[in-house]
Amino acid sequence: MATLSPNLAVRPPRTRDTGGDPPSYGGGNGNERGGNGSSDYGGRLRRARLGLVVGLTAVVMLFIGFTSAMLVRRGLPSFDQQTNTYSRDWIPIQLPWALIAINTAVLLVSSLTIELARRDISRQMALAPVQSIPGVSLGDERRFPWLGTTVILGLGFLVGQFLVYRVLQQQHAFISRNPSNSFTYLLLGTHAIHLAGGVIALMYAAATTWLQRPIESRRIVIDVAAWYWHFMAFLWMYIFVILLIAR
Amino acid sequence: MATSEVVHAHAAPQGFIRKYIFSLDHKIIGIQYFFLALTAVWVGMILSLLMRIHLIWPDANLPLIGHIQPETYLSLLTMHGTIMVFFVLTTAPQGGFGNYILPIQIGAPDMAFPVLNMLSFWTTFVAFVVMIAAFFVTGGAPLHGWTGYPPLSAVQSSGPGEGLGADLWITSIAIFCAASLMGALNFITTTLDLRAKGMSLMRMPLTVWSWFITAILGLLAFGVLLSAGILLLMDRNLGTSFYLPLIVVNGQVMGHRGGSPLLWQHLFWFFGHPEVYIAILPGMGVASQLLSTFSRKPIFGYRAMVYAMLAIGFLGFMVWGHHMFMSGMNPWSAFAFSILTMCIGVPSAIKTFNWLGTLWRGNVRLYSPMLFAIGFVSLFVSGGLSGPFLAQPTLDIPLHDTYFVVGHFHLIMGVAAIFGIFAATYYWVPKMFGRMMNESLGKIHFWLTFVGTYAIFMPMHYLGMAGHPRRYSQLTELGYLHNLLPLQRFISIAAFITIGAQVIFVLNLFWSIFRGPKASDNPWEATTLEWTTATPPPHDNFGGNTPVVHNGPYEYGVPGAARDFVMQNDPAVSPHPAH
């Protein structure tokens, strides 16, 4: 057992931090809730959403890296051997805008359908206690498959982007030909990879229905997948604008 | 208990593979990270041993690798730096101790996303395997240094290791970025959302603060490194010209046009400077924790410590240009980066003064973890003070490519951070493995390492001031370096002895894990939550008793308390101490 040394001058601890009832603010939130058998659903949803926001920050930083590289590279002069002079080598890529506009429309519609799927599962969630009462029916149980629609639209967008790639290849606008081309391929490709991840997440969300997971888990998966999907649409609009003004 | 079911949805696993290999338990994952880093540090250290042997005996014919060629020396240098920075200094303090201790210190049963946590470790493991694979492919490991500057790193034909070896190197870094981002996501969410009742932000131990801020830095920095790495891979393999201007390699004109190697430097150092703090911040947290515990005094200026760490993290993102004073940047840019860099001295000094203030008139207990914590402060000051030198362009330009910089960053980023890891190891091994480490061996290890590292890295500053260039494999060929050879020999011999001392550490570690005396639940009489639970902690950390926090983390020497410390979960301080 340790003893205080006699000459040890100790500051009295601040009363704010010592003793007394624990404050109800700050942390320590989720842990005391959820004793009603609902497995702390609110806490899980909040945690999943927080995790998503933090994860998306990393994606934002990735694209900030690309964008700043693009803006810097755009202003760089290139040395020309023949004339011994420096000149700008940035030749804006010719994009199939009509096709890109269609893809954009598909993605925006899919953002709408996933929002409807998200609201639908929230409504189901809210009505679940009522439905569980024996003898109570909520009428027609059939619902429009918003989730499946979103998956199809998402795959449609990816196919559309592949068609953009094909068009660029046919025009001989290859990736190494010009820095504008390089960045366009880079942005489209990185977005497509992230969106494909979103499609997989949506498929998993759909699978949770077949796997008969508890409705709380299904809602969390659909909610997080939906916000990710919205972010993908937002990210695409950002890339669209960048390609429009700085390609 | 509802909580343990909620966050800890997975039950305690039974089989060996689920329990020790693909475990979801943050404690096992922390130990996995720790041993990965321990493996990596030996690989990195053996590489430095080979370099030190080569520098003083350039004609030596070594077993297995034979005579070291200049390009082999550069490979050793590259891999030493990369392995140490990524797989030791980033992995051990954050992935290892952060993973093990953070959830327990905030009273959580596990990390917020256990599956992601497991994925994060195994992704790091894959990154390490890919990195090591670079040694064994045609051409061997890359030559471009841990900073991977183009054009050397962006042209396949620029050197023997720049083919497949360099591709593996970049791929490994990219995988490591993904792993670190997963880890950072988990750390941030856990800290924000899983704190026990009463664990307000300003009651969090400074270790938790340091891991939290480190995670934020990682989240913001690794995404940018990933983007830089993708561009580099494209330049190497798809013929793009992000980093490459018109360039002639071995008499052959390459197809690249108009890119800029400086673009890589900007992107890399935007990651690279925060990375320095990713390595050192957890050490600061551990030093604060240990200095308070072993001085039996509250940490001096808790809030100032938190704000200083936040300030260091914030400023860390604005100073990347000070690594690029040699790049011919606009002097006004250099001036701005220089001023901002020196601003970091302010929060660093606040931390140093507070550490000394914590020690001042404390009832100091010089156990081996405490020795390493004090050693951390010493090395932080010694290594840090050469920072303001290098922050000034006029001084950096003559010193930049010399051993002065090698001495500077090894003291601060290498050895100080490693001392933080050692302090954490001696401090938490009793909790992690249930057995105390041998105190005498710990003290011998400390003194040999402390004196040894100073003997290695202090003279390097003089070498640098005498104009000794870094990254040169041959010293005997250059006449003006002859006078400096005795100092190089001294450094090498000091390095051999210091590396030998690490054998003592490893023997002590493994002997203690299996044969050491049993540790009590709270052997250091510390206050934070990990010492309130069993040793080693049960599967859900608190055996179903979710802690409720009533006190700050450093309540030592509290007047009126029964003991000279008050645990964080003590409901009240007794007004009538027992006599």
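L89(B) is buried in the predicted model, with 28 other C-beta atoms within 10 Å; a residue counts as buried if 20 or more other C-beta atoms, placed from the backbone, lie within 10 Å of its own, as exposed if 12 or fewer do, and as partly exposed in between. L89(B) belongs to helix α4 of chain B, residues 70-89, where helices (H or I, at least four residues) and strands (E, at least two) are DSSP runs numbered from the N terminus. Not counting residues up to four places away in sequence, L89(B) touches M84(B), A279(B), M413(B) and A417(B), contact meaning that the C-beta atoms of two residues, placed from the backbone, lie within 7 Å. L89(B) and G414(B) stand 325 residues apart in sequence, yet their C-alpha atoms are 7.6 Å apart in space.

Residues are numbered from 1 along each chain as its sequence is written, and chains are lettered from A and ligands numbered from 1 in the order in which they are written. Because this is a predicted model, local features need pLDDT of at least 70 and side-chain atom pairs count only at pLDDT 80 or more, whereas totals for chains, interfaces and linings use all residues.

For the complex, the predictor gives an ipTM of 0.91 and a pTM of 0.92. Chain B has a mean pLDDT of 93, and 97% of its residues reach 70 or more; pLDDT is the predictor's confidence in each residue, from 0 to 100. Over residues 1-7 of chain B, pLDDT stays under 50, and the model has 21 contacts beyond four places in sequence for this stretch. Residues 574-579 of chain B likewise stay under 50, with eight such contacts beyond four places in sequence. Where pLDDT is low, the predicted coordinates should not be read in detail.

Helix packing in chain B is illustrated by α15 (residues 403-433) and α16 (residues 439-465), whose axes come within 7 Å and cross at roughly 165°. Axes are lines fitted to C-alpha atoms, for helices over the stretch in contact, and angles run from 0 to 180 degrees between N-to-C directions. The angle therefore makes α15(B) roughly antiparallel to α16(B), under a scheme in which angles under 35 degrees count as roughly parallel, over 145 as roughly antiparallel, 65 to 115 as roughly perpendicular and the rest as oblique. The crossing of α15(B) past α16(B) is left-handed, that is, the near helix is turned anticlockwise from the far one by less than a right angle, clockwise being right-handed. On α15(B) the contact includes Y403(B), F404(B), H410(B) and Y426(B), and on α16(B) it includes T453(B), F457(B), H461(B) and M465(B). The residues of this contact between α15(B) and α16(B) divide into twelve nonpolar, six polar and no charged, with Ala, Val, Leu, Ile, Met, Phe, Trp, Tyr, Cys and Pro taken as nonpolar, Asp, Glu, Lys and Arg as charged, and the others, Gly among them, as polar.

Several backbone features of chain B were also noted. The peptide bond from P150(B) to P151(B) is cis, with omega near 5°, and P151(B) lies in the loop between α6 (114-133) and α7 (164-193). A cis peptide bond also leads from T535(B) to P536(B), with omega near -15°; P536(B) is placed in the segment after α17 (485-515). That segment after α17 also holds E525(B), a residue other than glycine with a positive phi, near 55°. E525(B) counts as partly exposed, with 18 C-beta neighbours inside 10 Å. L64(B), in the loop between α3 (26-56) and α4 of chain B, likewise has a positive phi, near 70°. With 5 C-beta neighbours inside 10 Å, L64(B) counts as exposed.

Chain A comprises five helices and two strands, arranged along the sequence in the pattern α-β-β-α-α-α-α. Of its 247 residues, 31% count as buried. Among contacts in chain A between residues at least 6 apart in sequence, 78% join residues at least 24 apart. Helices α3 (residues 146-170) and α4 (residues 179-210) of chain A pack at an angle of about 160°, with their axes 10 Å apart, so α3(A) is roughly antiparallel to α4(A). Their crossing is left-handed. Residues of the contact include L147(A), G154(A), F157(A) and V164(A) of α3(A), and L188(A), L195(A), M203(A) and A206(A) of α4(A). By class, the residues of the contact of α3(A) with α4(A) are 15 nonpolar, five polar and no charged.
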